[in-house]
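Please work through each task before reading its solution.

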Amino acid sequence: MNTKDIFVSVQEVARQREYCRLASELLSRRFDHTPKAYVHTYGCQGNVSDSERMKGMLHEMGFSFCEQPEQADLVLFNTCAVREHAEARVFGNVGALKPIKEAKNHNMIIVLCGCMMQQEHIAEKIRRSYSYVNLVFGTFAVHRFPELLYRHLRENKRIFDVKEEDGKIAEGFPVWRDRSFKAWLPIMYGCNNFCSYCIVPYVRGRERSRLPDQILAEAKELIANGAKEITLLGQNVNSYGKTPDCGLNFSGLIRQINALDGDFIIRFMTSHPKDCSVELLQTMASCEKVERHLHLPVQCGSDRVLREMNRGYTADDYLRLCKKAYELMPDLAITSDIIVGFPGETREDFDKTLDLVRRVRFSSLFTFIYSPRKGTRAAAMPDPIDAKVKGEWFRELCFVQEEIAAEHSKALVGKTFRALIESENDGVLTGRTSQNLCIGVPGDQSLVGTFAYVTVTNAGNWTLSGKLADE
Ligand code: 5AD
Ligand code: SF4
């Protein structure tokens, strides 16, 4: 791939920023007040990060932000397509905007974007059945948002930009972050893996990496602005640096970020087990700023199903990897994603998943019932298992994991951890340990956004509680 096919040109970014200025002129004519935008994000941190970039554009167009759609002049939903449930929620919430728009604000601009909109059949449904939606664009058009909004304002008509193209990286737009101490830092976009159940490669396009200089410059800026935690984001961070050839792999990038000055911690997601190298584990172990948490989605414990899923590893490969990781980092917490009820999965296959879960002893699990996604290979596979049976397996898996998590938690009582304090509610602080475990401790609001030492005094099934330690 040629770099001009990967990156949006500097001239194009400048052109879009000029559209921000033009849009802000039209907006000031339309509204007699500072226009307010309500942005709601569905789905993963990648989407949260995209929303921060779109909020940066909205801010440049003169918007301030509000917490309720009822107060908004512009409502933007950044949508997720990963499961049917996520899509159903979006449709429900878009439906709920209609009476608000009719009763409160006829001028309300409704914008739908993100993964769901990149699918033709969804955009078509919006076009046909949701006539009050004004602007629709997919993930590939994010950098054209200013131009699209300007066109909507000037021409006063509905705009759809959902064509299939190669997704490109756009640098140089401002980013609007809601929290300064916890930051998302995208390092790559897209995915080349085509796991047979997954819609992501279709709606987010081919894998492409940001250049190290851009990432390091953003990391430095974040640290200078008070970031205490930086989470590196990508669908498959382990293949960072391949397209374009960045002369640096993911481990190298981590080492460079780790070497930056400042008291901050590094997290990353998501790692694909097939590309998770021993070098990466060694890098995690040797970089003092990298936290002791590895999110490593296994999806299933049966080799037959893993093959059908096109995952590129066996259950044994996965177990070996976890063993190596625990050897190098005895205090490591491994978390995972598991799909229950993949087409053709049998009880025997599912038992292998339970077995793997018991052997790895994850600190926590994200469990999903398989959801067919139009256009993926798995959606065309025969799926004879009853939804009721899948539901039972799902509950069984959650039960097994709950027991493991409870044992993990009990073993932590009496131990002291450094935690980043994230929030305060009624005199109770919520902190996150290196292992990404949440702990509640009584304490003062002024500690939010700082590191504190906490001692675990009590372990419930889901939550830890404790007290501030002296260290
Ligand atoms: N059905 C259910 N779960 C899915 N995931 C991705 N696609 C699907 C699907 N079609 C899950 C995977 C992935 C996580 C982000 O979402 O477990 O790791
Ligand atoms: Fe989907 Fe697989 Fe890519 Fe993850 S690695 S985004 S599950 S295709």
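**Exercise 1.** Determine which residues are in contact with Val-133, leaving aside its neighbours within four places in sequence.

*Solution.* Step 1: contact is taken as heavy atoms within 4.5 Å. Step 2: with neighbours within four places in sequence left aside, Val-133 is in contact with Val-94, Ile-110, Leu-112, Ile-126 and Arg-158. Step 3: Val-133 itself belongs to the loop between helix H5 (120-129) and strand S5 (135-137), where helices (H or I, at least four residues) and strands (E, at least two) are DSSP runs numbered from the N terminus. Step 4: its relative accessible area is 0%, so Val-133 is buried; buried denotes under 20% relative accessible area, exposed over 50%, and partly exposed in between (1.4 Å probe, protein chains only).

The model is predicted: local features need pLDDT of at least 70, side-chain atom pairs count only at pLDDT 80 or more, and totals for chains, interfaces and linings use all residues. Residues are numbered from 1 along each chain as its sequence is written, chains are lettered from A and ligands numbered from 1 in the order in which they are written, and side-chain values use heavy atoms, with hydrogens and water left out.

**Exercise 2.** In which order do the 6 strands of the open sheet lie, and is the pairing parallel or antiparallel?

*Solution.* Step 1: two strands pair if DSSP finds at least two bridges between them. Step 2: the order is S2-S1-S3-S4-S5-S6, with parallel pairing. Step 3: strand S2 (64-65) and S6 are the edge strands, each pairing on one side only. Step 4: between strand S3 (residues 74-79) and strand S4 (residues 109-114) there are 6 bridges, and Leu-76 stands opposite Val-111 in S4. Step 5: helix H4 (residues 84-104) packs on the sheet and touches strand S1 (36-41), S3 and S4. The direction of H4 makes about 175° with that of S3; axes are lines fitted to C-alpha atoms, for helices over the stretch in contact, and angles run from 0 to 180 degrees between N-to-C directions.
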